[in-house]
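Welcome to this short tour. Take a moment with the sequence and the 3D view, and then read on.

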Amino acid sequence: MKAFWIAVGCLGGFVAGVPTAFGHELECEKEVNGASSVEISQFPARLDYRLLVRNIHPTSPSVVFAASDPTLEELGFEGFDTPFELPVDGELEKTFTVRVPDLAACLEMAAADGNIDTVIDNVFTVRWDIGRDICSARVECIPEGPPPGPNDGRRMTGGGSVFTEEGQRVTHGFQLRCDATDTRQNLEVNWAGNQFHLLDLSTADCQDTALDEEQPVAGFDTFVGTGIGRYNGVEGATIEFTFTDDGEPGVDDTARIVVRDVGGTIVLEVEDDLTFGNHQAHP
Amino acid sequence: MNKLMMAVVAVVVAGCGSSTVEPYGAKVLPYELRMGGAQVGEFGKVLLVPNAIQISADGVPVQVVREDKTVNLATANHAERIASFDLPEGAKLITFRVELGAAGGFEKGTASGWVDTRGRVLEFDASADWVRHQRRAGVAIDLTRSLQWVDEATYTFVPKYRIF
């Protein structure tokens with residue numbers, strides 16, 4: 001502990017005057033169905049949440065001033081009766097089950113956490129006298145896939161950073177299937193505070209070119225697609241893109257992206273090698 | 001002292017002597033928002049891009065100057081400034097919202113790849129008195145707990161972080 005106080009002493013102006021009750025120290029854990037991140041595509045679904053507060057101070061009890069997960073509390077979670085004290089090595093765990101009848105309910109929950117997307121990722125915040133720890137667990141609401149039987153299961157996943165000719169950084173992340181009729185498509189592009197979110201993949205063309213996707217051998221290395229989506233929250237925007245996988249690491253992979261707003265004006269045009277990240281074709 | 005506490009302290013210490021170099025004359029406001037990593041483990045690089053930053057005082061947006069940069073959370077003992085902001089007189093509660101770009105990157109040993117950060121948002125609040133006193137707010141992301149392995153070239157980011 002002595003080393004810690006020495007370190008705090010070095011902080012100078014940042015912590016001058018901070019109360020000496022630095023002794024409290026807590027951490028949180030949050031899981032859903034035993035994991036940090038789950039996907040649900042079969043409905044009705046059951047979500048078993050586990051929230052935990054633990055005292056990690058080595059020698060002193062710690063007082064939990066607040067421990068809250070507002071989204072779960074809106075759904076009926078009783079929450080933690082704060083404040084309370086945890087002894088050394090002490091922890092308190094609570095569980096809560098949410099039943100999700102269908103995809104629409106799942107998407108409604110996803111929107112209720114404040115972000116319009118397909119993910120329920122509300123946070124659990126634990127506060128003590130001068131600090132807080134924040135934990136999340138993700139539930140992605142996914143439409144059911146195509147019916148069993150012969151289908152094109154090929155897909156490409158990945159993401160990374162590219163730059164426009166003007167030097168603007170653009171990040172993209174995606175999970176795209178070569179069968180455009182498959183509803184399980186996801187693509188997001190961000191740049192300079194802007195966001196494009198794919199709502200519907202219109203066309204998909206998975207091509208086997210002279211590039212080499214290496215492992216796994218997928219039988220294609222280039223995904224060419226078009227779609228419609230939401231640009232800065234406004235639906236009706238369109239996107240054209242080409243993503244390539246030229247093996248690992250992803251420095252030889254490329255991305256070409258053109259986004260047009262609902263009026264047809266090009267708001268993003270970029271074609272570049274990945275600065276970081278990777279594209280991966282899957283058989 | 002536990003490892004996370006040490007890491008957070010290290011991040012804060014690094015923040016004292018910022019080495020972030022901004023273009024000469026770049027506008028900087030009086031208060032800083034910083035982001036760093038803790039519990040780095042075996043990661044050589046963990047790169048994230050803050051795409052949008054909103055800061056409000058008692059529900060009213062304040063002036064923010066966002067820094068367009070990639071943050072390497074695996075950089076030991078360093079929390080990078082990702083924005084500076086102003087605070088109005090009399091403000092009580094400051095709310096921070098950092099929207100990440102769609103993808104990050106990682107290097108771990110000989111492996112590298114992308115970090116799925118689609119739709120990820122870091123949100124927290126702090127009292128204005130606390131922010132004024134420190135002249136900054138910081139986020140220390142626990143990398144060991146936040147990065148979930150998907151495959152050799154992919155991690156997904158499930159944020160677990162501490163405010164300092």
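This is a predicted model: local features need pLDDT of at least 70, side-chain atom pairs count only at pLDDT 80 or more; totals for chains, interfaces and linings use all residues.

## The two chains

How much of each chain is buried? In chain A, buried residues make up 38% of its 283 residues. For chain B, with 164 residues, the figure is 49%. Contacts can also be sorted by how far apart the partners lie in sequence. Taking contacts between residues at least 6 apart, 59% of those in chain A join residues at least 24 apart. In chain B, 74% of such contacts join residues at least 24 apart.

## The largest nonpolar core

Nonpolar side chains tend to be buried together in soluble globular proteins. Here the largest nonpolar core has 99 residues, and those touching the most other members are A:Val189, A:Ile257, A:Val259, B:Val46 and B:Val115. Which strand gives this core its largest share? That is strand β15 of chain A, residues 194-207, with five residues.

Setting aside neighbours within four places in sequence, A:Ile257 is in contact with A:Val170, A:His172, A:Val189, A:Ile239, A:Phe241, A:Leu268 and A:Val270.

## A four-stranded sheet in chain B

Turn now to chain B, where four strands make an open sheet in the order β4-β3-β8-β11, with antiparallel pairing. Strands β4 (60-61) and β11 (121-127) are at the edges, each with a single partner strand, so one side of each is left without a neighbour in the sheet.

Within this part of chain B, β3 (residues 50-57) and β8 (residues 93-100) run antiparallel and are joined by seven bridges. One pair to find on screen is B:Ser56 with its bridge partner in β8(B), B:Thr95.

## Around strand β14 of chain B

Strand β14 of chain B takes part in pairings of both senses. With β13(B), the pairing is antiparallel over four bridges, and the two strands form a hairpin with two residues between them. With strand β10 of chain B (residues 111-116), β14(B) runs parallel, joined by three bridges. There, B:Trp114 has B:Thr154 of β14(B) as its bridge partner.

B:Glu152 sits in the loop between β13 (147-151) and β14 (154-157) of chain B. Is this residue buried, exposed or partly exposed? B:Glu152 counts as partly exposed because 13 other C-beta atoms lie within 10 Å. Beyond residues up to four places away in sequence, B:Glu152 touches B:Ala111 and B:Gly113. B:Trp114 is 38 residues from B:Glu152 in sequence, with 9.7 Å between their C-alpha atoms.

## A buried alanine

For a contrasting setting, look at B:Ala38, which is found in strand β1 (residues 31-38) of chain B. B:Ala38 is buried, since 27 other C-beta atoms lie within 10 Å, and a residue needs 20 or more to be called buried. B:Ala38 and B:Ala111 are 73 residues apart along the chain, and their C-alpha atoms are separated by 20 Å.

Definitions and conventions. Residues are numbered from 1 along each chain as its sequence is written. Chains are lettered from A and ligands numbered from 1 in the order in which they are written. A residue is buried if 20 or more other C-beta atoms lie within 10 Å of its own, exposed if 12 or fewer, and partly exposed in between; C-beta atoms are placed from the backbone. Two residues are in contact if their C-beta atoms, placed from the backbone, lie within 7 Å. Two strands pair if DSSP finds at least two bridges between them. A nonpolar core is a set of buried Ala, Val, Leu, Ile, Met, Phe, Trp, Tyr and Cys residues joined through C-beta atoms within 7 Å.
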